[in-house]
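Subject: A structure for you to look at

Hi there,

Here is the structure I promised to pass on, with my notes below it. Please open it next to this email and follow along.

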Amino acid sequence: MATFKLLLLPGDGIGPEVMAEVETVISHLERTGLASFAIERDLVGGAAYDAHGKAISEEAMRTAQAADAVLFGAVGGPKWAGVPYDARPEAGLLRLRKELGLFANLRPAICYPALADASALKRELVEGLDLMIVRELTGGVYFGEPKEIVTLETGEKRAVDTQLYTTGEIDRIARVAFDLARARGNKVSSAEKHNVMKTGVLWKEVVTKVHADYQDVALEHILADNCAMQLVRAPKQFDVIVCDNLFGDILSDVAAMLTGSLGMLPSASLGAPDPETGKRKSLYEPVHGSAPDIAGQGLANPIAMIGSLAMALRYSFGLGEAADRLEAAIKSALAGGVRTRDIAGPGANAVSTKDMGAAIVRALENG
Ligand code: IPM
Ligand code: MG
């Protein structure tokens, strides 16, 4: 039986609570003899800042580099509002993404039938929704230099962020999107702003070129603002949306809410396959944040975190069937009426984080 090296970085806020439920699921997978996991745990975000004065320690970075996959909870909270910019909790996550080379961020948005009424949109608009946002994750305005605030001679300040993309960066993320589309609905919508931005012009040009290798997949170019509008008007028109780092950040929050709750959405961040071993570095995290307002109360929804483990099974461990079973267990727990507060609807009964985790493990046992 294969042993996988897994690093757990629960982070801040509700991160540790939802990660605890992932550990429950992992124990179950081990009990069934599916795989064994060599688990390491470390700090990230505010928790790492409190312990080491930085958002992730060198040792945790080394463990992450050596892991088959990293599972990441969430970072940040008001407690760290005043820490230096370079040590802010989010810096830990951004460093992991950059140094592990995790350029491809997959953010699926699936609306389970049982939850269609929890969406802010009408049931008929979202029921059966199944789209995938492919967000470029190591380039663009998040990392472009210069990135600074300078004081001018007049005493006025000037802030600069730099949006920057090379053909290579666009080419490789476009290929990820087309490959995924082939295994899904065979359609890619490429979102950019070529009407305003040079990076948009290049983005469109390179995606069009890559499309020549994927003639069997339908490609549409869509302006990113129109894409945002279409996502809330008629989201089921989309299959795979590919876009840059910042547009992907925003569009994926929109897509998340279509499904009923931010607490539902997992994500995978993948690097390039190693030319020799074919292995790729990877990190899996819920799309939601650390939710400090509900942290420590057992109210958080662990589904996005558990769904992230399912993505790890599929994309890092070659356990697609186990991933299918875990996703089916989530669906079945929901169909059985188990709801955390975020998806319960006003006045309805809600269960705790632990109860939701237990319901999913039960569904796995019975499934
Ligand atoms: C996300 C988050 C992060 C981002 C933050 C926490 C840095 O919003 O993963 O979508 O902006 O990428
Ligand atoms: Mg975001």
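Helix α1 passes helix α10 in a right-handed crossing. A crossing is right-handed if the near helix is turned clockwise from the far one by less than a right angle, and left-handed if it is turned anticlockwise. Here α1 covers residues 15-31 and α10 covers residues 303-315, and the two pack at an angle of about 45° with their axes 8 Å apart. Axes are lines fitted to C-alpha atoms, for helices over the stretch in contact, and angles run from 0 to 180 degrees between N-to-C directions. This pair is therefore oblique; angles under 35 degrees count as roughly parallel, over 145 as roughly antiparallel, 65 to 115 as roughly perpendicular, and the rest as oblique. From α1, the residues V18, M19, E21, V22, V25, I26 and L29 make the contact, and from α10 the partners are M305, I306, L309 and L313. Contact means heavy atoms within 4.5 Å. Sorted by class, this contact has 10 nonpolar residues, no polar ones and 1 charged one. In this scheme Ala, Val, Leu, Ile, Met, Phe, Trp, Tyr, Cys and Pro are nonpolar, Asp, Glu, Lys and Arg are charged, and the others, Gly among them, are polar.

Before you go further, some ground rules: residues are numbered from 1 along each chain as its sequence is written, and chains are lettered from A and ligands numbered from 1 in the order in which they are written. This is a predicted model, where local features need pLDDT of at least 70, side-chain atom pairs count only at pLDDT 80 or more, and totals for chains, interfaces and linings use all residues, while side-chain values use heavy atoms, with hydrogens and water left out. Helices (H or I, at least four residues) and strands (E, at least two) are DSSP runs, numbered from the N terminus.

Now for two other helix pairs. Helix α3 (residues 58-66) packs against helix α4 (residues 89-99) at an angle of about 40°, with axes 11 Å apart. That makes α3 oblique to α4, and α3 passes α4 in a right-handed crossing. E58, M61, A64 and Q65 of α3 meet R95, L96 and E99 of α4. By class, this contact has 3 nonpolar, 1 polar and 3 charged residues.

Helix α8 (residues 224-233) and helix α9 (residues 245-258) pack at about 5°, and their axes are 10 Å apart. These two are therefore roughly parallel. A224, C227, A228, L231 and V232 of α8 touch F247, L251, V254 and L258 of α9. This contact has 9 nonpolar residues, with no polar and no charged ones.

(Buried means under 20% relative accessible area, exposed over 50%, and partly exposed in between, with a 1.4 Å probe and protein chains only.)

Next, take a look at L8 in strand β1 (residues 3-11). Is L8 buried or exposed? L8 counts as buried, with 0% relative accessibility. Leaving out residues up to four places away in sequence, L8 touches M19, E23, I39, E40, R41, D42 and L71.

Finally, the backbone has some details to find. Most residues other than glycine have a negative phi, and most peptide bonds are trans. N186, which is not a glycine, has a positive phi of about 65°. N186 sits in the loop between α6 and β8 (187-192) and is partly exposed, at 27% relative accessibility. A291 also has a positive phi, near 40°. You will find A291 in the loop between β12 (282-286) and α10, partly exposed at 24%. A cis peptide bond, with omega about 0°, joins E145 and P146, and P146 is in strand β6 (residues 144-151).

Enjoy exploring, and write back with any questions!

Best wishes
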